[in-house]
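Here are my notes on the model, as numbered points. Please read them with the structure open.

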Amino acid sequence: MKEFQFIDSLKRLSPFSPPGGIGDDAALFKNTLIAKDIMAEGVHFLDNEPLDDVVDRLFASNVSDICAMGGRRGGYAALLGLAVPEYVNKEALVRAVEKACSKYSVRLIGGDTTSARRDLFMSLTIIGMPGKYVLCRSGAKSGDLIYLSRALGASKYILECRLGGQKPVAGITTDFSPEDKIGELLGSIDGVTACIDISDGLGADLRHIADASKVGLRLYYERIPPCDLPFDTEKSIEYALSSGEEYALAFTVNRDLAPLLVNTVFEKTGRHLHLVGEVYKGQGVRLEHGSQSRDIARMGYEHLG
Ligand code: ADP
Ligand code: MG
């Protein structure tokens, strides 16, 4: 069973639909936003990776889920679950957690610890505060515009370098930090109809918006913003479509309210949003390139086989 089918089976156990139940980046529970992410050795990271980096990514992915719901920035609380094998340096692990808590403004309020036979396993549950609007995956409407908060692709490139033991080409500008400023802003301005963070890949993640909103998403090839990678444009765009752990935000905006929203984001953050496509009556996620149209709804990672 694939990961998304498995999660769909679990959804049936939940009496509430998102944001109160299973299915969005975080759940709304008694005026808090709660999300959980795990990092499993051999799946999300290898034993030769620096602990600091792995723990940093665990925290980043959780914070990013709060951002995707338009949550308020900082002031998070979290519970950390650990299964720790013998080989792991416990002092280094504590230092890595301390560093991440301070970097992401997370107050650690609990967790659980056990030993592990072989692999390190970490799970973080984060609690944040919602903004004025709670951004779900389910609100996109035909006619809305689709935006991306930043260029994509570098995360996949860096991962491949790491797995292949190569040094990334110098000067590649990477920013895999959660979009806390833009997320907070999107949760405070009228007009955002759906939002998700890019954790599995643009195609795969937008499919969640398409499915939850019961609409089709159409992206335009020439509008996809690739990072500056050591490849030709075509390959860089392929990376942008499928790169995971990017933590950029992808969101849909009511067409009439979009100009004001784009201006406000620029005024408050100095950031230019990328208009990449539009929502239409239909289903799935398609990439339009000249006269060709391609299904990209499966471009990204799935964690169950
Ligand atoms: P994200 O990539 O944003 O972390 P996921 O794709 O992992 O989101 O999960 C999608 C939805 O399914 C979320 O609402 C998440 O909380 C829920 N979910 C995933 N795994 C489980 C599980 N084992 N039990 C209950 N809910 C789950
Ligand atoms: Mg997410």
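1. Pro19 sits in the loop between H1 and E1. Helices (H or I, at least four residues) and strands (E, at least two) are DSSP runs, numbered from the N terminus. The peptide bond from Pro18 to Pro19 is cis, with omega near 10°. Most residues other than glycine have a negative phi, and most peptide bonds are trans.

2. A word on the basis. This is a predicted model, in which local features need pLDDT of at least 70 and side-chain atom pairs count only at pLDDT 80 or more, while totals for chains, interfaces and linings use all residues; side-chain values use heavy atoms, with hydrogens and water left out. Residues are numbered from 1 along each chain as its sequence is written, and chains are lettered from A and ligands numbered from 1 in the order in which they are written.

3. Two backbone angles deserve a look. Asn31 has a positive phi of about 60° although it is not a glycine. Asn31 belongs to the loop between E1 and strand E2 (32-40). It is exposed, with a relative accessible area of 53%. Here buried means under 20% relative accessible area, exposed over 50%, and partly exposed in between (1.4 Å probe, protein chains only). Glu245 also has a positive phi, of about 50°, and is not a glycine. Glu245 is placed in the loop between H7 and E9. At 23% relative accessibility, Glu245 counts as partly exposed.

4. Arg137 forms a salt bridge with Asp25, the closest N and O atoms being 2.9 Å apart. A salt bridge is a side-chain nitrogen of Lys or Arg within 4 Å of a carboxyl oxygen of Asp or Glu. Arg137 is in the loop between strand E5 (121-128) and E6, and Asp25 in the loop between H1 and E1; the pair links parts of the chain 112 residues apart. Arg137 is buried, at a relative accessible area of 13%. Asp25 counts as buried at 8%.

5. The whole structure holds 16 salt bridges. One of them joins Glu179 and Arg150 (3.4 Å, N to O). Glu179 is buried, and so is Arg150. Glu278 and Arg218 meet in another (3.6 Å, N to O). Glu278 is in strand E10 (residues 274-280) and Arg218 in strand E8, 60 residues apart. Salt bridges that share partners join Glu49, Arg57, Arg162 and Glu245 into one network.

6. Arg218 also meets a ring. It lies over the face of Tyr280, at 4.3 Å from the ring centre. A charge sits over a ring if NZ of Lys or CZ of Arg is within 6 Å of the ring centre and within 35 degrees of the ring normal. Arg218 counts as partly exposed, at 24% relative accessibility. Lys235 lies over the face of Phe231, at 4.3 Å from the ring centre.

7. How many aromatic pairs does the structure hold? There are three. Rings of Phe, Tyr and Trp (its six-membered ring) pair if their centres lie within 6.5 Å; planes under 30 degrees apart count as stacked, over 60 as edge-to-face and the rest as tilted. Tyr147 and Phe251 have ring centres 6.0 Å apart and planes at 20°, so the pair is stacked. Tyr147 is in strand E6 (residues 145-148) and Phe251 in strand E9 (residues 249-253), 104 residues apart. Both Tyr147 and Phe251 are buried. The rings of Tyr157 and Phe231 have centres 5.7 Å apart and planes at 85°, so this pair is edge-to-face. Ring pairs link Tyr157, Phe231 and Tyr239 into a cluster.
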